[in-house]
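Here's a quick tour of a protein model, written for someone who likes to see the cut-offs. Have the structure open while you read.

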Amino acid sequence: MTTAEAIIAGRKEQLTREQMIPLLQEIQAADGFISTDAMVRVAEALETPVSRIYGVATFYNQFRFAPLGEHVIELCRGTACHVKQSLVLARHLKRRLKLRDDGNSADGRFTVISVACLGACSIAPVIKLDGEFYGHLTTERLDALLDEVDAKAASDEAAA
Ligand code: FES
């Protein structure tokens, strides 16, 4: 049973179209993204066309349509970080990781998500890498962090 099926199964009788967004949010919280199958399941449950689910889901930039990579980078694009050159970091990540339109790196290992204020403006510009905050970032520090992730992956692979 898929996540969407499980989430829907428990409350099929009480679902209304107003619950479309909360349902999609719940599915994304569990799976990390909204699959085509999940959209079809939600459409069936709400007795509405899949195109409507797709239209609503793509309208909000909180929804993702591809699985998350092994490492998730939340790049703050809030005002304080913007003033401190977060756009330079965004461009650097795009180049280094060869990001696709869905925010995943070409090798699928990384996902970069642009977010509003991460609540750590005093150390702007900020990213969260796998849940850890890193502040006062420069492209050099960012490269060093990504090099560390790569080095750890290489040593884990060698040990396996
Ligand atoms: S604007 Fe980036 S942490 Fe607040």
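What share of the 160 residues in the protein is buried? Buried residues come to 24%, where buried takes 20 or more other C-beta atoms within 10 Å of a residue's own, exposed takes 12 or fewer, partly exposed lies in between, and C-beta atoms are placed from the backbone.

## Ground rules

This is a predicted model, so local features need pLDDT of at least 70 and side-chain atom pairs count only at pLDDT 80 or more, while totals for chains, interfaces and linings use all residues. Numbering starts from 1 along each chain as its sequence is written.

## Overall layout

The protein has 7 helices and 4 strands; these are DSSP runs (H or I for helices, at least four residues; E for strands, at least two), numbered from the N terminus. Reading from the N terminus, the order of elements is α-α-α-α-β-α-α-β-β-β-α.

Along the principal axes, the C-alpha atoms fill a box of roughly 55 × 45 × 25 Å. Take the contacts between residues at least 6 apart in sequence: 62% of them join residues at least 24 apart. A contact here is a pair of residues whose C-beta atoms, placed from the backbone, lie within 7 Å.

## Helix 3 against helix 4

Helix 3 (residues 36–46) packs on helix 4 (residues 50–59) at an angle of about 120 degrees, and their axes are 8 Å apart. That makes the pair oblique, the label left over once angles under 35 degrees are roughly parallel, over 145 roughly antiparallel and 65 to 115 roughly perpendicular. Axes are lines fitted to C-alpha atoms, for helices over the stretch in contact, and angles run from 0 to 180 degrees between N-to-C directions.

Helix 3 brings Met-39, Val-40, Val-42 and Ala-43 to the contact, and helix 4 brings Val-50, Ile-53, Tyr-54 and Ala-57. The tally for this contact is 8 nonpolar, no polar and no charged. For that count, Ala, Val, Leu, Ile, Met, Phe, Trp, Tyr, Cys and Pro are nonpolar, Asp, Glu, Lys and Arg are charged, and the others, Gly among them, are polar.

The 4 strands form an open sheet in the order 2-1-3-4, with mixed pairing; strands pair if DSSP finds at least two bridges between them. At the edges sit strand 2 (110–115) and strand 4 (132–134), each pairing on one side only. From one strand to the next, the twist averages 25 degrees.

Strand 1 (residues 71–76) runs antiparallel to strand 3 (residues 127–129), and 3 bridges join them. Glu-74 stands opposite Lys-128 in strand 3. Helix 6 (residues 86–97) packs on the sheet, where it touches strand 1 and strand 2, and its direction makes about 155 degrees with that of strand 1.

Which peptide bond is cis? The one from Ala-124 to Pro-125, with omega near -5 degrees. Pro-125 belongs to the loop between strand 2 and strand 3.

Gln-85 has a positive phi of about 75 degrees without being a glycine. You'll find Gln-85 in the loop between helix 5 (79–83) and helix 6, partly exposed with 15 other C-beta atoms within 10 Å. Asp-130, also not a glycine, has a positive phi near 50 degrees. Asp-130 lies in the loop between strand 3 and strand 4 and counts as exposed, with 10 C-beta neighbours inside 10 Å.

Notes:
Two residues are in contact if their C-beta atoms, placed from the backbone, lie within 7 Å.
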